[in-house]
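The following exercises concern the structure shown below.

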Amino acid sequence: MRRLLALLLVAVPIHAQNADDKPCRADYTIRARYEEDGRRLHGELVVRWTNESRDVVPDLWFHAYWNAFANSRTTHMVGSGESLRGGRVGDDEWGWQRILSISVDGADATESLEWVSPDDQRAEDRTVFRVRQPRAARPGAVVTARVRWEAKIPRVRRRTGYKDDFLFLAHWFPKLGVYESGNGWNCHQFHATTEFFSNFGTYDVELDLPAAYIGRTGASGVQDGPTTASGGRFTVRYAAPSAKDRERAERDGRSPLVHEFAWTADRHFVKYEDTFHYAEWAARFPDEIARVALALDRTEEELRLRDVAVTVLLQPEHASQGRRHFDATCTALFFYGLWWGEYPYEHITCVDPAWGAGGAGGMEYPTLFTAGTRMFTRTAMQVPESVTVHEAGHQFWYGLVANNEFEAAWLDEGFNTFSQSDALWLRYGHSIVTTDFAGLPYDGVPIGRKPGGTALADALSGRRFALPWVGVVEPLRGSGLVDWWREQPLLSYGRQRTDPREAERTGYLLDPATDPVDTPGWLYCDRTSYRVNSYRRTASALRSLQGLVGDARFLRGMRTYSERWRYRHPYPQDFFDAFQEGAKADIGWYFEQVFRSTATVDWRIEVEQSRAQPPRGWFPDEGGRWVERQRSSAAEARGGGGDGPAPTDRAAREATGSPADAWITNVVVRRRGELLLPLTVELNWDDGTSDRLVWQREEQARKAWWKPLEGRGPTRKKLVSARIDPDRRYQFDLNLSDNEWHAEADRAAPLRWSERVFAQYLHGLHAWGGLGG
């Protein structure tokens with residue numbers, strides 16, 4: 001078994017930060033001017049970098065993220081197949097950054113600027129550069145760098161850029177990498193499947209914009225001072241964290257910091273403002289507060305959270321959804337704050353991207369995030385609630401506990417997905433799944449797939465065919481009314497309700513074993529593997545970890561990690577160590593198998609049950625004599641034999657301990673795959689009693705099957721059902737359909753579902769036949 005596990009473990013960077021190390025710090029002062037003509041940005045920044053490492057540092061490394069969008073040969077564009085969130089970059093939509101000058105501690109360093117590609121050595125990629133320092137920075141030294149740059153803003157395709165009057169600028173300035181003691185500069189190229197990593201510090205930013213954007217901007221932090229307007233332009237200043245936040249100490253004495261600054265502007269923004277009041281939410285969810293207080297052994301007063309001002313910047317067509325965005329943001333502030341520690345800033349901004357700028361949606365930055373919504377939505381659909389809770393939740397996982405998203409994106413994306421599911425469930429419950437007809441959502445989904453057809457069938461039915469010099473023609477393309485008539489959803493559709501926690505497992509099943517979770521973002525096999533491992537598989541692993549150690553210990557382990565690494569940069573091993581310490585659980589084997597291997601599991605249960613047959617043959621009685629079971633009439637006709645009178649059936653049964661109404665039950669649990677977890681099996685009997693038996697990891701390592709009733713003789717109890725993992729502690733099982741056994745089958749449910757499928761196909765074929773035939 002050990003050799004097999006060794007084969008499953010994939011070599012990944014396994015390192016942890018020294019818990020006593022203080023992270024380096026970077027404080028930025030930035031001035032930038034936006035020119036609508038040519039979509040140009042001109043900027044100058046001063047960054048004060050404090051070397052808190054134990055090393056002497058000779059150089060500075062910077063990111064220039066927008067150069068990923070400069071041409072089709074960058075690392076990012078090659079890795080994405082030139083498709084950014086489903087769209088290709090047009091000829092006039094490229095973006096870039098150009099360094100005009102850079103000085104370090106007053107000395108010009110422009111001539112020493114060198115573009116580097118540490119990950120793939122691609123010469124066409126210019127997303128990382130370095131410069132030499134005039135004097136190497138010793139531990140504790142403060143280095144001041146001044147950078148002048150200009151940029152062409154890309155069309156919004158991935159996270160940042162413009163769409164008509166809408167601007168969302170993220171990673172928009174030359175930005176220092178992260179220096180790590182003993183490891184040097186951690187400054188990766190911008191890959192198609194990586195996000196970001198940067199130092200904590202403060203930001204003071206002044207923006208110079210066209211006057212049409214006055215009162216229509218938002219940014220990290222809060223506005224610092226009044227807006228000043230002159231000559232058709234205006235300037236606005238932002239501070240992140242705010243001046244008040246910088247002076248406010250948390251319970252452990254630390255003051256808030258941030259590690260990024262993003263901003264947005266749209267002359268069409270509609271503003272919705274309100275305040276998250278902790279007391280209101282505490283009154284609504286007292287049981288959750290009590291649960292957390294008990295698990296963490298803290299008073300409810302110690303769990304109290306600060307009130308937070310919330311601003312939602314909406315598109316005019318979504319103005320009526322302001323309250324819903326606000327409520328979802330408060331959902332994250334309350335539950336995440338209760339579980340993982342208080343949101344420490346006085347303000348948070350939620351941005352609704354413009355139509356056609358979806359590439360900027362669903363993104364997170366300190367104190368500011370983007371959501372995403374649609375028309376004709378209602379709360380039960382959890383649009384925009386789901387994405388809003390998720391992105392607001394990133395203020396905790398990534399914003400406060402700032403892991404390296406290049407190398408371990410799952411430490412925030414997966415943790416956030418897990419937290420989001422619980423928060424959505426507690427606040428909103430099940431979500432409904434809808435189907436659109438003419439852009440209007442209908443509460444229902446088709447039960448079966450549409451019948452498939454060959455090219456000939458499509459042509460004969462008039463649905464789709466090719467013509468010379470014209471191309472593909474679809475004369476009977478679907479429309480709202482036609483689709484409704486064809487589908488007849490009132491008769492053929494079924495209603496689907498989704499528990500967000502169950503969605504974690506369904507996402508995990510999309511790709512459960514291609515790569516280990518603990519893999520650097522750009523080294524996953526493909527984008528599917530990256531997304532499954534970073535989001536749903538990690539969430540499933542945490543959900544299963546909670547089932548393994550129990551709710552209270554899980555919460556203590558997670559809280560220990562979140563508090564210890566607040567305003568710092570943890571790696572996977574830091575999480576494993578902190579969790580085990582907080583949970584008081586020695587489960588290193590779990591982290592190795594679940595996060596650092598591709599081990600999977602499929603359990604199944606099999607039951608054979610029948611009436612005990614009358615005993616046959618010779619049995620010893622109490623006196624030690626062999627007695628034969630009562631002979632059949634055929635045996636009697638032959639005269640029989642033996643050393644005494646033939647016993648009755650009752651006597652024979654008593655001799656063997658087999659009652660007349662006994663059942664013989666054989667249960668077999670099988671395991672396919674190498675993931676070993678203590679597994680509970682529940683057996684329910686017809687007298688109302690239940691047995692819960694556990695198949696331990698050590699036993700599973702010896703063999704792949706288990707007979708929990710082995711050695712038990714016939715019994716008067718009849719088994720009515722058997723179930724693997726009855727409390728659903730784990731989400732790893734690849735197939736749940738063979739995890740239960742029932743003595744009596746439900747014969748009505750298949751008929752109900754079959755009727756719906758038959759109705760769907762009947763109406764669909766009738767429609768196609770009538771229109772195309």
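Predicted model: local features only at pLDDT ≥ 70, side-chain atom pairs only at ≥ 80, totals over all residues.

**Exercise 1: Positive phi and exposure**

Task. Determine whether Q121 is buried or exposed, and do likewise for T367.

Solution. Step 1: apply the cut-offs, by which buried means under 20% relative accessible area, exposed over 50%, and partly exposed in between (1.4 Å probe, protein chains only). Step 2: Q121, in the loop between β8 (114–115) and β9 (128–137), has a positive phi of about 55 degrees although it is not a glycine. Its relative accessibility is 60%, so Q121 counts as exposed. Step 3: T367, in the loop between β25 (364–365) and β26, is not a glycine either, yet has a positive phi of about 65 degrees. At 3% relative accessibility, T367 is therefore buried.

Step 1: apply the cut-offs to S320, in the loop between β23 (308–314) and α6 (322–340). With a relative accessible area of 70%, S320 is exposed. The C-alpha atoms of S320 and Y272 are 9.6 Å apart in space, and the two residues are 48 apart in sequence.

**Exercise 2: Aromatic rings**

Task. Classify the ring pair W172 and F173, and the ring pair W281 and F285.

Solution. Step 1: rings of Phe, Tyr and Trp (its six-membered ring) pair if their centres lie within 6.5 Å; planes under 30 degrees apart count as stacked, over 60 as edge-to-face and the rest as tilted. The structure holds 63 aromatic pairs. Step 2: the ring centres of W172 and F173 are 5.2 Å apart and the planes lie at 80 degrees, so this pair is edge-to-face. W172 and F173 are both buried. Step 3: for W281 and F285 the centres are 6.0 Å apart and the planes lie at 20 degrees, so the pair is stacked. W281 is buried at a relative accessible area of 4%, and F285 is buried at 15%.

Task. Find which rings lie under the charged ends of R531 and R568.

Solution. Step 1: a charge sits over a ring if NZ of Lys or CZ of Arg is within 6 Å of the ring centre and within 35 degrees of the ring normal. Step 2: the charged end of R531 sits over the ring of Y535, 4.8 Å from its centre. Step 3: the charged end of R568 sits over the ring of W565, 4.1 Å from its centre.

**Exercise 3: Helix packing**

Task. Describe how helix α12 (residues 500–508) is placed against helix α13 (residues 527–549).

Solution. Step 1: two packed helices are described by the angle between their axes and the distance between the axes. Axes are lines fitted to C-alpha atoms, for helices over the stretch in contact, and angles run from 0 to 180 degrees between N-to-C directions. Step 2: the axes of α12 and α13 come within 8 Å and cross at roughly 125 degrees. That makes α12 oblique to α13, since angles under 35 degrees count as roughly parallel, over 145 as roughly antiparallel, 65 to 115 as roughly perpendicular and the rest as oblique. Step 3: in contact (heavy atoms within 4.5 Å) are R501, A503, E504, R505, G507 and Y508 of α12 with V532, R536, R537, A539, S540 and R543 of α13. Step 4: the buried residues of α12 pack against α8 (410–428), β34 (497–498) and α13.

Technical notes
Residues numbered from 1 in each chain as written. Heavy atoms only, no water. Helix = DSSP H or I, 4+ residues; strand = E, 2+ residues; numbered from the N terminus.
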